[in-house]
Amino acid sequence: MTVVAEVQGLTKQFGKVHAVDDVSFTLTENRIYGLLGRNGAGKTTLMSLLTAQEFATRGTIRVFGENPVENAGVLARTAFIKESQRYPEDFRVKHVLSSAPWFFAGWDADFAAALVDDFRLPLDRRIKKLSRGQLSAVGVIVGLASRAPLTFFDEPYLGLDAVARQLFYDRLLTDYAEHPRTIVLSTHLIDEVSNLLEHVLVIDEGRILIDSDADTLRGAATTIAGTASAVDAFTRGREVLHRESIGGLASATVGALDAAGRRDASAAGLELAPVSLQQLIVRTTTSGEDLS
Amino acid sequence: MDESRPIFQQIAEQIENDIIAGLLPEETQVPSTNEFAAFHRINPATAGKGVNLLVDTGILYKKRGIGMFVAAGSRERLVAERRERFREQYVQPLLVEAEKLGITADQLTAMIQKGGGR
């Protein structure tokens, strides 16, 4: 598998704050990654570093084998769509789309035109007159039609309604299938995107907590519920990610259970419930526990 | 999609179900990985993993440059495998629940014999 980006010991400090704290990981070719974490976890800073919009305090970054800073060859193959993407205010939508090929070597104007129809975007409207959702649609279109071998979407859908978000996911999947590339999706809407992701990076307080295949994480945790004594007896000797109790009842989130573990739990009168990727991440990033 | 299990397993199971139900007859072509991905709105690599699981077990086979096909004898094999798992998957939980509710074996048998009549 070809490595597209590699980060080692990467740290970014803003004054005393370590926005990104000694982070190491690799992104490989033609995969969809989820970069997940709470607000202020360091997601945007990390993507800004990889696209050379911020400079690292320490550590190394290699994108397509090179340092991305001031590197036009690398940046032409990289797209970064930010949550609050800015365009010149007097531009009209069509100006944004017609200037995009200057920045993106792989720009597909026909695909962009098809997406404009899909999202019902008014081409002649000035950027400053667009609604929040329409502005997000511009970003989504630029990000998709750039077909950049390394594309970052940072919360690209502020103001987009459920229909438009689904459209984004559908177009992303079909275009990715025809034109494989590396895509990093940063989002809070984990439930909506979890099936699209092949690999998941969870960042919390500037550090990577989870770097794992999405399918491995599925079923990596189970919630058991029942009387507190039964729950405690069952969880003894097991890793507990999260525990809640009300009166004599308790629920606990534990690591993966094998068939025997499931039988034991049922026999002890415990209810078993799956833990979604979103719940797993909420539980990992609120307790601050490392899930390795 | 069920949250508790890897998606590729569920894709594989769904294809198996379609083979058992006769929707995918033996020696016919199954949809491509990208078609599965678009239909279920999942990552194509995940769909591919599900299909490959069935290639590994010999349920599907690859015709180079054309696609995946259902192997001869697949249906019979799958039915036999499912029958073996039936007791563990369906009968045991049924008995556990029945015991919890105080339903006797005789009452349970009567219910089963009444069956689909409802």
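We're working with a predicted model, where local features need pLDDT of at least 70, side-chain atom pairs count only at pLDDT 80 or more, and totals for chains, interfaces and linings use all residues. Residues are numbered from 1 along each chain as its sequence is written, and chains are lettered from A in the order in which they are written.

**Exercise 1.** Describe how H6(A) and H2(B) pack, and find the residues that meet.

*Solution.* (Axes are lines fitted to C-alpha atoms, for helices over the stretch in contact, and angles run from 0 to 180 degrees between N-to-C directions. Helices are DSSP runs of H or I with at least four residues, strands are runs of E with at least two, and both are numbered from the N terminus.)

Next, look for contacts, meaning C-beta atoms, placed from the backbone, within 7 Å. Leu173(A), Thr174(A) and Ala177(A) of H6(A) meet Asn34(B), Ala37(B) and Ala38(B) of H2(B). Sorted by class, that's four nonpolar, two polar and no charged residues. (Ala, Val, Leu, Ile, Met, Phe, Trp, Tyr, Cys and Pro are nonpolar; Asp, Glu, Lys and Arg are charged; the others, Gly among them, are polar.)

**Exercise 2.** Work out the order of the strands in the sheet of chain A, then find its edges.

*Solution.* Six strands line up as S5-S6-S7-S3-S8-S9 (chain A), giving an open sheet with mixed pairing. Two strands pair if DSSP finds at least two bridges between them. Strand S5 (78–81) and strand S9 (207–213) of chain A are the edges, as each pairs on one side only. From one strand to the next, the twist averages 15°.

Now zoom in on one pair: strand S3 (residues 32–36) and strand S8 (residues 199–204) of chain A run parallel, joined by four bridges. Leu36(A), for instance, has Val202(A) in S8(A) as its bridge partner.

**Exercise 3.** Find which helix of chain A packs on the sheet by touching S5 and S6 of chain A.

*Solution.* The one to pick is helix H5 (residues 132–145) of chain A. Check its direction too: H5 makes about 165° with S5(A).

How values were computed
Contact = placed C-beta atoms within 7 Å.
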